[in-house]
Amino acid sequence: MTTETISAPRYLTYVPLTDLTPAPRNPKRHELELLIGSIRMHSLVEVPVADERTQCILHGHGRREALIEMQARGMSVPGGVVLDEDGGWLVPVLRGWSSKSDAEAESLAIKLNRLPGEGGWDPREFAAVLEDLATNATELFDSLAISADEMDKLFGQIDPETLPRGGREGEPPRLHLPADGHGDGLNPDDDGRAPHSTCPACGHMFTTGR
């Protein structure tokens, strides 16, 4: 009996961090400190993607920058990254895909960054998940770095008339606690207080760090 070896069309391999070559053009910007914080908290989960034709990465530039900075700062090796014999960092990379042209490579690079967020969020379910995190896992909620403006925009998509419980129907979300007896004015104690957003679905008041 002969055994046929099947070549995997996609495969994961470990590559020296210093050998990860960025694409010549990458318009995506990165919040480096947030990426570093995420990698430290959860390890390296989403791996860079290589283009076999160009031998450059077309996805994962931010993680590459974050890992380089972490190494330069002398931070411990995050989970998902291993050391070579000389102490260098080896990073998992998804390989096996080749672009037909520079235009296709740049098009896919944009899609890999842009398309996952195009569906948006289900505001009710998102608010419920955020409430659970804010209540039961504060550090994880804070690590999301969601601004008060983003929270208000999310809550503004929830129709108060369809709410099963809680909330202040007809009252828009706001950033600060209202002053007692002063309508929409700000409570004097609000000065210096972190911004707040109130979820109309559950009445939970979120304190945001940004």
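This is a predicted model: local features need pLDDT of at least 70, side-chain atom pairs count only at pLDDT 80 or more; totals for chains, interfaces and linings use all residues.
How many residues lie between β2 and β3 in their hairpin?

View 1. Residues are numbered from 1 along each chain as its sequence is written, and side-chain values use heavy atoms, leaving out hydrogens and water. The hairpin of β2 and β3 has 4 residues between its strands. Gln55, in the turn, has a positive phi of about 65°. β2 (residues 49–51) and β3 run antiparallel, joined by 3 bridges. Asp51 has Cys56 of β3 as its bridge partner. Strands pair if DSSP finds at least two bridges between them. Strands (E, at least two residues) and helices (H or I, at least four) are DSSP runs, numbered from the N terminus.

**View 2. The largest nonpolar core.** This core holds 16 residues. Leu20, Leu67 and Met70 touch the most other members. At least two residues come from each of α1 (32–42), α2 (61–72) and β5 (89–97). A nonpolar core is a set of buried Ala, Val, Leu, Ile, Met, Phe, Trp, Tyr and Cys residues joined through side-chain atoms within 4.5 Å. Buried means under 20% relative accessible area, exposed over 50%, and partly exposed in between (1.4 Å probe, protein chains only).

**View 3. Around Leu20.** Leaving aside neighbours within four places in sequence, Leu20 is in contact (heavy atoms within 4.5 Å) with Val15, Pro48, Ile57, Arg64, Val91 and Val93. Another core, of 10 residues, lies apart from the largest one. Its members include Phe126, Phe141, Met151 and Ile158.

**View 4. Helix α2 and its packing.** The buried residues of α2 are His61, Gly62, Arg63, Arg64, Ala66, Leu67 and Met70. They pack against α1, β3 (56–59) and β5. Just after α2, Gly74 takes a positive phi of about 80°.

**View 5. Helix α4, inside and out.** α4 (residues 123–136) has 14 residues. From first C-alpha to last, α4 reaches 20 Å, close to the 20 Å expected at 1.5 Å a residue. That expected span is 1.5 Å times one less than the number of residues. Pro123, Phe126, Ala127, Leu130, Glu131 and Ala134 are buried in α4. Down the axis, these buried residues fall within an arc of 135°, so they line one face of the helix. The arc is that of the directions from the helix axis to the C-beta atoms. The face turned away from the buried side carries exposed Glu125 and Asn136.
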